Amino acid sequence: MPKVILKGFIIVPEQDLDAVKTELINHKRLTLAELGCLFFEVVQCATNPYRFDVYEAFVDRESFAFHQARVKASAWGKVSANVERHYSQ
């Protein structure tokens, strides 16, 4: 099975920025601990504090689907509900 790579960026509304930055620490830790996660990086842009560049890699679609389901039910899912997502796979 081919691995899944997701890359792009998110734009965080100003009113959610502090909560997103705080929960991102936990979100990264939990994602990197998932079975099938090869790489996970979310980096705040140096020139636009509301933009975060995202790069994720998973061993297969099954592990990526597990990640997405976990995220939807997590604290990250709640604090990032208003985030604009711009991804490609």
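Residues are numbered from 1 along each chain as its sequence is written, and side-chain values use heavy atoms, with hydrogens and water left out. Because the model is predicted, local features need pLDDT of at least 70 and side-chain atom pairs count only at pLDDT 80 or more, whereas totals for chains, interfaces and linings use all residues.

Begin with the largest nonpolar core, which has 17 residues; such a core is a set of buried Ala, Val, Leu, Ile, Met, Phe, Trp, Tyr and Cys residues joined through side-chain atoms within 4.5 Å. Select Ile10, Val12, Val42, Phe52 and Trp76, the residues with the most contacts inside this core. Two or more residues come from each of strand E1 (4-11), helix H1 (17-32), E2, E3 and helix H2 (61-72), where helices (H or I, at least four residues) and strands (E, at least two) are DSSP runs numbered from the N terminus.

Stay on Val12 and show its surroundings: leaving aside neighbours within four places in sequence, Val12 is in contact (heavy atoms within 4.5 Å) with Leu17, Val20, Tyr50, Phe52 and Val83.

Next, select Phe39 in strand E2 (residues 37-44) and Tyr55 in strand E3 (residues 51-58), 16 residues apart. Their ring centres are 5.6 Å apart and their planes stand at 70°, so the pair is edge-to-face; rings of Phe, Tyr and Trp (its six-membered ring) pair if their centres lie within 6.5 Å, and planes under 30 degrees apart count as stacked, over 60 as edge-to-face and the rest as tilted. Phe39 is partly exposed at 37% relative accessible area, and Tyr55 is partly exposed at 31% (buried is under 20%, exposed over 50%, partly exposed in between, with a 1.4 Å probe and protein chains only).

Now move to Arg51, whose charged end sits over the ring of Phe9, 3.9 Å from its centre; the rule asks for NZ of Lys or CZ of Arg within 6 Å of the ring centre and within 35 degrees of the ring normal. Arg51 also forms a salt bridge with Asp53, the closest N and O atoms being 2.9 Å apart (a side-chain nitrogen of Lys or Arg within 4 Å of a carboxyl oxygen of Asp or Glu).

Finally, select Glu34 and Arg70, whose side chains meet in a salt bridge at 2.5 Å, N to O. Glu34 lies in the loop between H1 and E2 and Arg70 in helix H2, so the pair ties together parts 36 residues apart in sequence. Glu34 counts as buried, at 7% relative accessibility.
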